[in-house]
Amino acid sequence: MSSAITGWEHPDPLRADDGLNCHHDGQGGKKARQAGSSSSSQPTYSVLDVPPWYLCILLGIQHFLTALGGLVAVPLILAKDLCLQHDPLTQSYLISTIFFVSGLCTLLQVFLGVRLPILQGGTFAFVAPSLAMLSLPAWKCPEWTFNASLVNTSSPEFTEEWQKRIRELQGAIMVASCVQMLVGFSGLIGFLMRFIGPLTIAPTISLVALPLFDSAGSNAGVHWGIAAVTIFLIVLFSQYLKNVAVPVPVCGGKKCHTSKFYLFQVFPVLLALCLSWLLCFVLTVTNALPTAPTAYGHLARTDTKGNVLSQAPWFRFPYPGQWGLPTISLAGVFGIIAGVISSMVESVGDYYACARLVGAPPPPRHAVNRGIGIEGLGCLLAGAWGTGNGTTSYSENVGALGITRVGSRMVMVAAGCLLLVMGVFGKIGAAFATIPTPVIGGMFLVMFGVITAVGISNLQYVDMNSSRNLFIFGFSIYCGLAIPSWVNNNAEKLQTGILQLDQVIQVLLTTGMFVGGFLGFFLDNTIPGSLEERGLLVWNQMQEDSEETAKALEVYRLPCGIGTKVCTSSCTQYLPFWPRLGAGSRERGRNLLARLFQDPSGARGKGASETKL
């Protein structure tokens, strides 16, 4: 899911007919704004404002629902390779765990990370290397786990089968997260971004979703009719009905009035899932769907997973090491590191997009470094808790900021707290685990298509009339599909005699995202081309705009006066992730210098343009 599904067009999905739009600032005062003013691009609530508590809760729920598809999708994709396709109860535990960890990481990012209202959640960048690792001969699921009649989900043998696989994922994610923390907190991310441009990012992100067509097709193929209905509803709501406003009654003060709410634009995926599930329920009750387990379309029935809700506990508190002690292999670590690099590059872009939407200055280097470092810490926590995945910034929630025009941090704090509560409430995860398989497949087909398009959209900054750029992108994409396919079918031809090295080579070469991204990176930095032709002028401009102004210090400083009132040692100023104390004084100095070089009429003196502070 991305902005192509959630939508960007309307600046405010809840629009009152009375023509007034007000908001509270951080001190509780009101700032009235006329609807339709020329400043409509400004957020209703900026990043430092505190909306009323009820609005924080409502918008926090919206952010949760916006991220819902991605949060639920990751455990469901991994279920088959974890031998859990016939154990929806354990799938519900994984969903609850990823809810809980996502809430925890969101709060860490808002309070200690980049400090922008960005929600954290499971990342598709880790899915491809995870599946590549689980496809190794040592980790392939036994044949009996594919037969529902042979699986006893409560037996110790079956429990060990899936737990040893997720423990392997945990160890790889935890080690790879240390690399991300090192890159973030050391400031290396700024150095790397000089060499990573759109021609590296486009094939990398596109190949996150392209290789998953088989998984999406298999799920949708359980019943193509139900999958087609799901796809039709998502497309209908997100594309055709996105401009249709639904009138809703709103009571404020002493009178009630009607407001326009763009329901289909805000909740297209949720509405489609609910309606498709309802259709499956009706077809199940009327026995229109086959009852024989081996018949085509049986898994579209809603009663195949009906016992999950009754078995799931009302409350279940996820905790670190709940699946046992993590294990580590070199192959898994190298594969997940490839996913970490892709996740970091995408997150940096999300930071700048989010800052622009919430009316904040571009994030300075220390904030970007801190954000990437905290994301690494989030991946470490995700590995420790056993989500089977890491965490990253959610682009679709950045898109939601463009809809609501509410960029307050407190809204994202509410969303993080809501995710924590949902993670503890066991029945919530169980409810999502009961979604019929073809409904999930239809959702996957739409989501993966949009993710691929998002990757390709990075080429808008590149000169695509250049034969150089056409060759780099086309060759990287094609090799990212061809090489993993060949390696999967000819793994025995890459044997070196060293088991660990063989596994590392196989995992990396079967991860299309790594193959395509590496080729794009290598060719883009070795084939001659201008910065404008390569699209790097845009990246350099973003870095130049990230100045240490007084406004930037106010937005991106650490809470509780850390770095400005306490822990102000001169040694801390050399830390790449620490706020710079001199930002405010430099801003005042620039303002003073500007006044000094102005004559009484307001014109700038002759030497002003030649003088630098």
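The model is predicted, so local features need pLDDT of at least 70 and side-chain atom pairs count only at pLDDT 80 or more, while totals for chains, interfaces and linings use all residues. Residues are numbered from 1 along each chain as its sequence is written, and side-chain values use heavy atoms, leaving out hydrogens and water.

**Exercise 1. The chain and its confidence**

Task: Find the average pLDDT of the chain, and look at residues 1-40 and 583-613.

Solution: 
- Begin with pLDDT, the predictor's confidence in each residue, from 0 to 100. The chain averages 79, and 84% of the residues score at least 70.
- Over residues 1-40 the pLDDT is below 50, and this stretch has 103 contacts in the model beyond near neighbours in sequence (contact: heavy atoms within 4.5 Å).
- Residues 583-613 also stay under 50, with 27 contacts beyond four places in sequence.
- Where pLDDT is low, the predicted coordinates should not be read in detail.
- Now the secondary structure: the chain has 25 helices and 7 strands. These are DSSP runs numbered from the N terminus, helices being H or I with at least four residues and strands E with at least two.

**Exercise 2. A helix pair**

Task: Describe how helix 5 (residues 156-185) and helix 13 (residues 330-357) cross.

Solution: 
- The axes come within 8 Å and cross at roughly 40°. Axes are lines fitted to C-alpha atoms, for helices over the stretch in contact, and angles run from 0 to 180 degrees between N-to-C directions.
- That angle makes helix 5 oblique to helix 13. Under 35 degrees counts as roughly parallel, over 145 as roughly antiparallel, 65 to 115 as roughly perpendicular and the rest as oblique.
- Turn to the residues: among those in contact, A172, V179 and V183 are in helix 5, and G332, I336 and M344 are in helix 13.
- The contact residues divide into 11 nonpolar, 2 polar and no charged. Ala, Val, Leu, Ile, Met, Phe, Trp, Tyr, Cys and Pro count as nonpolar, Asp, Glu, Lys and Arg as charged, and the others, Gly among them, as polar.

**Exercise 3. Positive phi**

Task: Are C83 and R115 buried or exposed?

Solution: 
- C83 sits in the loop between helix 2 (53-78) and helix 3 (88-111). Its phi is positive, about 65°, although C83 is not a glycine.
- At 1% relative accessibility C83 is buried (buried: under 20% relative accessible area; exposed: over 50%; partly exposed in between; 1.4 Å probe, protein chains only).
- R115 lies in the loop between helix 3 and strand 4 (120-121), with a positive phi near 70°.
- At 7% relative accessibility, R115 is buried too.
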